[in-house]
Amino acid sequence: MKIRFLSFFIFTALLLSCSKKNNKKTLIAERDTKIVSISYKDTIQKEFIANSFDFPVGIPNAKGYYNAQKFQKNYHLGDDWNAVTGGNTDLGDPIYTIANGYVKETRDYGGGWGNVIRILHFLPNEKIVESLYAHCDTILTTQDKWITKGTKIGTIGTANGAYYAHLHFEIREDITLPLGNGYSKNSKGYVDPTDFIKKHRIVQDER
Ligand SMILES: [Zn+2]
C-alpha cells in the first residue's frame, strides 16, 4: 500500500514537472486547422528575435503614407495605411514585415479581408505579438518560415475591389485570437499598432 502510494506520488510529481516545463518552453499559436508549436529557446536563432520594429509601409517611418483610420476610430482594430497621393495610387506598393518573425499564415480569406499575412514576433523578453496585414494585392512570402525585419512580404491591394487600395494592419498581444472582423467594441488582445511600433523601435529586454 505504502509503495503504491509512493509510486503514485512520484508519477504525479513527474507529470507536474513535465507540464510545467512544457508550459514555459512551448508556445502554441492556434490556427483554424493546424497547431503551430514553437519552442522558444530551442527553435529561435538569435537573428530572428524581434529586437526592433519599423512601420509596414514606407520603411522605416511610413514616409509617403498616412493612417486614414486609426486604431479604435469607429471601433477599428488596426490602422489603415494609405499613400498620401490618394486613391489607388498605392495599389501594388510594397508591404514589409515590421520586425523579425515567423510567418504563421498566408491565406486568401476572400470577402472583406482578401489576402491576409499573419506573422508572430518573439520579443527578447519572451513576449509574443502578432502582426496582421490584410487586403493585400499579392502575397510574396510563404507560411511556416522565419523572416527578418523589412522583408517585402506582399503588396497593397483592394481586397479584390472591395475598397480603395490600402493596408489594413493590426498588432495583437493575444496570439490565439481568431481572424475576427477588423472592427469591434471589444479590443481585448489588440494594441494600437502605431503606438506599439513607436514604443518598440528598439526593444529592451524588460525581464
Ligand atoms: Zn482597416
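Q: Leaving aside its neighbours within four places in sequence, what is Ile117 in contact with?
A: Its partners are Thr106, Tyr133, Cys136, Ile139, Thr141, Ile153 and Gly154. Two residues are in contact if their C-beta atoms, placed from the backbone, lie within 7 Å. Residues are numbered from 1 along each chain as its sequence is written. This is a predicted model: local features need pLDDT of at least 70 and side-chain atom pairs count only at pLDDT 80 or more, while totals for chains, interfaces and linings use all residues.

Q: What's the mean pLDDT of the chain?
A: The mean is 85, and 78% of the residues reach 70 or more. pLDDT is the predictor's confidence in each residue, from 0 to 100. Over residues 1–25 it is below 50, and beyond near neighbours in sequence that stretch has three contacts in the model. Where pLDDT is low, the predicted coordinates should not be read in detail.

Q: New topic. Why is strand E4 largely enclosed?
A: Five of the five residues of E4 (residues 79–83) are buried, so the rest of the structure largely encloses it. Buried means 20 or more other C-beta atoms within 10 Å of the residue's own, with C-beta atoms placed from the backbone. Strands are DSSP runs of at least two residues, numbered from the N terminus.

Q: Which way do its residues point?
A: Asp79, Trp81 and Ala83 point one way from E4, and Asp80 and Asn82 the other way.

Q: And which strand do three bridges join to E4, with Tyr66 partnering Asn82?
A: That is E3 (residues 65–67), which runs antiparallel to E4. Strands pair if DSSP finds at least two bridges between them.

Key. A residue is buried if 20 or more other C-beta atoms lie within 10 Å of its own, exposed if 12 or fewer, and partly exposed in between; C-beta atoms are placed from the backbone. Helices (H or I, at least four residues) and strands (E, at least two) are DSSP runs, numbered from the N terminus.
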